[in-house]
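Colleague: I would like to go through this model with you. Let us take domains, spaces and helix packing in turn.

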Amino acid sequence: MAAVITSNCPDLKLIARGKVRELYDVDENSLLFVASDRLSAFDVIMKNGIPGKGKVLTGISVHWFRNVLADVCPNHLITANMDEMPAKVRQYKDQLDGRCLLVKKLKVLPIEAIVRGYITGSGWKEYKAKGTICDIPLPKGLVESQKLPAPLFTPSTKAELGDHDENIHPSKVAEIIGADLAKQVEEAAIKLYTKAAAYALERNILIADTKFEFGVDDKGTLYLIDEVLTPDSSRFWPADKYAAGRGQDSFDKQYVRNYLEALPGFDKKTGVELPADVVRETQAKYDVALKLLTGPALRK
């Protein structure tokens, strides 16, 4: 199976082509989100993709939207069934089936709502240097991958393609979108993470951290949008192998990040061709995440 690097839907108006997703205008009320097989790491798009990755991201997102989180916060999903989409979308079924969502048109909020349950990644680097994450003071003596006392809301700005997201203190969110909406976003993000983490734990996955995105309709109602709790937007650790004080095995693209950080000459600005073994291993990790999260619970 070849990787789908870009979609081609000439009868639909392409609004944006992001790091992974392509966004098409459908009508006055709806958009089409298409998940390609592109892979980005450190905000850089790799030269080759991971075959089937877009379908995994779509399947996991739909499961969270429909089956797990719908009672926590409204979401933008209209349908993921190609047969229920308008005719001008259905004509691309062979290309898009399993990797697209028909979603509500909403005003997208210009922040990323990151929630951390464990200390890792850029948060661990900042904590080692300053004792903080996003300038939020944390207890002394934490070790790598340790569970935080409570889920931590650590937002970031949304960068343009080619730029890097910037971590910001939660107080900055109010300056960007207003105090009332900032409070709604923080509360919703923590509730979504808390419910998702409990659900995933039953399936042998620790959600170390994740990124949510939100939008509002013309009435000001907050909606969960974009992808949600996928291996692209989250760190998933196997619970049965977890041990604080070190890096963790994962079912996400941390494997690719680790490969790139050890790659001589990688400048975090230019995409590279991932070797076949890295592609296969990444593909396998994403497939495991899909099966664990959308299949029956392993334990109650």
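Modeller: Domain bounds here come from an automatic or database domain assignment. Keep in mind that this is a predicted model.

Colleague: How far apart do the C-alpha centres of domain 1 and domain 2 lie?

Modeller: The protein chain is divided into domain 1, residues 1-105, and domain 2, residues 107-253. Taking the C-alpha centres of domain 1 and domain 2, the separation is 22 Å.

Colleague: How many residues of domain 2 are in contact with domain 1?

Modeller: Contact means heavy atoms within 4.5 Å. On the domain 1 side, 27 residues take part; on the domain 2 side, the count is 24.

Colleague: Which element gives the most to the lining of the second largest pocket?

Modeller: The second largest pocket holds about 230 Å³ of space. Strand 9 (111-118), strand 12 (147-153), helix 6 (179-201) and strand 14 (205-216) each supply at least two residues of its lining. The one that gives the most, with 5 residues, is helix 6.

Colleague: Which residues lie nearest the centre of the second largest pocket?

Modeller: By class, the lining has 11 nonpolar, 2 polar and 1 charged residues. Of the 14 lining residues, those nearest the centre are Y118, K147, Y193, A197 and A198.

Colleague: On to packing. Are helix 1 and helix 6 roughly parallel or roughly perpendicular?

Modeller: Helix 1, residues 53-68, packs against helix 6 with the axes 12 Å apart and an angle of about 105 degrees. Angles of 65 to 115 degrees count as roughly perpendicular. Helix 1 and helix 6 are therefore roughly perpendicular.

Colleague: Which residues of helix 1 and helix 6 make the contact?

Modeller: By class, the contact of helix 1 with helix 6 has 4 nonpolar, 1 polar and 1 charged residues. Helix 1 brings H63, W64 and V68, and helix 6 brings K195, A196 and Y199.

Colleague: Are helix 7 and helix 8 roughly parallel or roughly antiparallel?

Modeller: The axes of helix 7 (residues 254-261) and helix 8 (residues 276-294) come within 9 Å and cross at roughly 155 degrees. Over 145 degrees counts as roughly antiparallel. The relation of helix 7 to helix 8 is therefore roughly antiparallel.

Colleague: What is the class make-up of the contact of helix 7 with helix 8?

Modeller: Helix 7 uses Y255, V256 and Y259 to meet D277, V278, E281, T282 and K285 in helix 8. Sorted by class, the contact of helix 7 with helix 8 has 4 nonpolar, 1 polar and 3 charged residues.

Definitions and conventions:
Residues are numbered from 1 along each chain as its sequence is written. This is a predicted model: local features need pLDDT of at least 70, side-chain atom pairs count only at pLDDT 80 or more; totals for chains, interfaces and linings use all residues. Side-chain values use heavy atoms; hydrogens and water are left out. Axes are lines fitted to C-alpha atoms, for helices over the stretch in contact, and angles run from 0 to 180 degrees between N-to-C directions. Helices (H or I, at least four residues) and strands (E, at least two) are DSSP runs, numbered from the N terminus. Angles under 35 degrees count as roughly parallel, over 145 as roughly antiparallel, 65 to 115 as roughly perpendicular and the rest as oblique. Ala, Val, Leu, Ile, Met, Phe, Trp, Tyr, Cys and Pro count as nonpolar, Asp, Glu, Lys and Arg as charged, and the others, Gly among them, as polar. On a 1 Å grid over the protein atoms alone, a cavity is a set of points where a 1.4 Å probe fits but cannot get out, and a pocket is an open set with protein on both sides within 12 Å along at least five of seven lines; lining residues have an atom within 4 Å of a point. Grid points are joined across faces, edges and corners, and a volume is the space filled by probe spheres set on the points.
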